[in-house]
Amino acid sequence: MTLETEPVTINIGPQHPSTHGVFRMRVTFDGEVIIDMEPVFGYLHRGIEKLAEHKTYVQNIPFTDRLDYLAAMSNNFAYVLAVEKLAGIEVPERAEYIRIIMAELMRISSHLMGVGFFLNDMGAFMTPVLYMLREREKILDLFEMACGQRLTYNYMRFGGVSHDIPGEFIPALKRFIDEMPGYIDEYDQLIAENEIVLARTKGIGILPADKAINASVAGPVLRASGVKWDLRKADPYSIYDRFNFDVPTGTNGDNYDRYRMKIEEIKQSVRIVKQAMEQLPQGEVCTRVSPTFKPPKGEAYGRVEGPKGELGFFIVSDGSAKPYRFKVRPPALINLTVLRDMIIGWKLADAIVTFGSIDICMGEVDR
Amino acid sequence: MTKQLSGPEVAQQIGEKFPDTITGSDETAVFVRSEALLEVARFIKESLDLDYLNSITAVDYIDYFELVYHLTSLENNHSIILKTKCHERKNPKVPSVVSLWQGADFQEREIYDLLGISFDGHPNMKRIFLWDGFQGYPLRKDFIIDVPGGGKATKQ
């Protein structure tokens with residue numbers, strides 16, 4: 001007697017502990033093995049690109065905070081770079097350094113959350129993520145000192161930053177930079193050689209380099225596949241060409257490499273922050289720009305290497321005080337293009353871990 | 001530093017291979033006829049080694065839609081912008097480049113969803129963020145926003 005079998009489709013999400021927001025996967029199984037997956041987006045779609053067309057350039061800065069809310073500084077940074085490119089606004093030296101410090105601290109914070117929740121998805125429930133929240137808290141304290149906010153900063157302005165850093169900022173930053181390497185060692189002791197972590201991540205969810213490039217994957221996910229591409233080195237914006245740092249790359253492009261990339265990048269970010277802190281000059285922090293300034297007609301694409309990949313803003317100006325088109329290049333959404341290919345042939349539990357390793361933020365995916 | 005390839009030079013290269021496909025060029029961009037988009041994209045992908053599609057944007061200029069393709073070569077670290085215009089408004093159609101760059105998949109679906117430009121040859125051309133029964137395309141300039149509680153926001 002032969003048993004008839006047929007594929008089963010299961011919804012994972014939109015409300016699911018491992019979907020990092022409201023994301024839904026329609027997964028089709030043959031027995032236990034995944035044979036197809038269709039991602040469903042849009043639960044957090046707020047129409048930010050349309051809203052932005054009805055607000056002035058300055059009013060749009062807080063909107064960018066609400067894209068990837070775990071890396072709001074980087075979003076601010078990319079947007080002001082695009083508008084500065086469009087309008088040709090000069091940035092004072094001190095502001096450039098402050099921006100770099102903030103952007104790198106943001107990267108550390110975002111990667112900590114990425115790794116923490118990745119382990120959460122794997123079943124190391126809450127313990128590692130709480131260790132990482134401990135360090136993130138210190139970074140948020142620093143941000144709070146500089147701009148009074150802990151999640152949505154609205155800190156960068158066209159031509160600089162909104163406030164100069166207060167006197168207690170540098171000593172606190174110095175303390176953080178001195179402590180951070182010790183914490184990274186602590187994570188490594190907990191995670192790097194853990195047998196369960198290795199069993200769940202090594203060789204699973206492999207993304208080959210050529211596929212990653214073809215699918216426009218960016219950031220740590222791309223570098224984990226062995227592609228040495230980091231906009232801070234490849235197309236240095238702001239003053240990144242003044243700092244010494246390495247671009248870590250993986251070899252296998254599996255879940256383990258994607259997790260390692262984040263830890264290695266934290267180490268490099270600490271290096272950059274340290275150099276920027278030492279070189280920080282005195283002076284102005286903002287060129288005065290009118291709140292209703294009108295950039296000349298034209299278009300500009302400004303981009304940064306955000307924590308999750310190439311974060312770009314494509315701004316079209318018609319010469320009025322509001323952008324004619326405000327387009328975000330969302331690294332998280334584009335990185336998800338390859339999720340289907342990465343999880344086909346694996347089991348559900350592996351799919352959850354692979355999804356966690358991509359490190360997305362739904363605020364940015366859906367906008 | 002990523003080298004910006006000069007638009008006119010690239011336009012000339014394409015023009016030699018595919019005459020009558022180029023409609024113009026500027027410092028950083030090449031304008032191509034929308035019917036020839038796929039073959040031109042395939043040609044420059046190979047000849048200039050443009051293996052990475054950074055982003056696709058569509059802009060509604062009311063008279064026409066403009067599609068902007070940012071392309072980069074990771075190997076040689078150079079980039080070029082490819083632009084194409086679509087004059088049809090009722091049922092705009094442009095060839096899809098998913099067969100060349102898989103990264104275009106969600107971006108083309110997003111453009112279809114928000115601007116209503118459909119891409120010929122896309123494997124899964126349907127709305128990505130909004131639901132299937134949604135009327136209209138929000139990023140078009142003539143889309144009227146319904147304000148909660150009645151009334152209409154002013155048309156831009």
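This is a predicted model: local features need pLDDT of at least 70, side-chain atom pairs count only at pLDDT 80 or more; totals for chains, interfaces and linings use all residues.
A charge sits over a ring if NZ of Lys or CZ of Arg is within 6 Å of the ring centre and within 35 degrees of the ring normal.

**The interface**

B:Lys141 has another partner in chain A. It forms a salt bridge with A:Glu53, with 3.1 Å between the closest N and O atoms. In total, four salt bridges are found across the interface of chain A and chain B. Polar contacts there number 24 residue pairs.

Several elements of chain A supply at least two residues each to the side that touches chain B, among them strand S3 (33-40), helix H8 (209-214) and strand S8 (323-329). S8(A) gives the most, with four residues.

Contact involves 42 residues of chain A and 45 residues of chain B. The two chains bury about 3,600 Å² between them. Of that area, 53% is on carbon and sulfur atoms. In chain A, the residues that lose the most area to chain B are A:Lys50, A:Trp229 and A:Tyr324. Together they make up 18% of what that side buries.

**Aromatic pairs**

Over all chains, the structure holds 24 aromatic pairs.

| Pair | Centre to centre | Angle between planes | Class |
|---|---|---|---|
| A:Tyr57 and A:Phe293 | 5.8 Å | 50° | tilted |
| A:Phe77 and A:Tyr237 | 5.8 Å | 70° | edge-to-face |

Why is the pair of A:Tyr57 and A:Phe293 tilted? Its planes stand at 50°. Planes under 30 degrees apart count as stacked and over 60 as edge-to-face, so the rest are tilted.

This pair links distant parts of the chain, 236 residues apart. A:Tyr57 is in the loop between helix H1 (48-53) and helix H2 (61-65), while A:Phe293 is in the loop between helix H11 (255-279) and strand S6 (298-306). A:Tyr57 is buried, with a relative accessible area of 1%. A:Phe293 is buried too, at 12%.

The pair of A:Phe77 and A:Tyr237 also links distant parts, 160 residues apart. A:Phe77 belongs to helix H3 (residues 72-87), and A:Tyr237 to the loop between helix H10 (231-234) and H11. Both A:Phe77 and A:Tyr237 are buried.

**Cluster and a further charge**

Ring pairs join A:Tyr57 and A:Phe293 with A:Tyr79, A:Phe158, A:Phe313 and A:Phe326 into a cluster. Elsewhere in chain A, A:Lys233 lies over the face of A:Phe245, at 4.3 Å from the ring centre.

Note on methods
Residues are numbered from 1 along each chain as its sequence is written. Chains are lettered from A and ligands numbered from 1 in the order in which they are written. Side-chain values use heavy atoms; hydrogens and water are left out. Rings of Phe, Tyr and Trp (its six-membered ring) pair if their centres lie within 6.5 Å; planes under 30 degrees apart count as stacked, over 60 as edge-to-face and the rest as tilted. Buried means under 20% relative accessible area, exposed over 50%, partly exposed in between (1.4 Å probe, protein chains only). Contact means heavy atoms within 4.5 Å. Buried area is the accessible area (1.4 Å probe) that two parts lose on being put together, summed over both. A salt bridge is a side-chain nitrogen of Lys or Arg within 4 Å of a carboxyl oxygen of Asp or Glu. A polar contact is a pair of N or O atoms within 3.5 Å; within protein, one must be able to donate a hydrogen and the other to accept it, and residues adjacent in sequence count only if both atoms are side-chain atoms.
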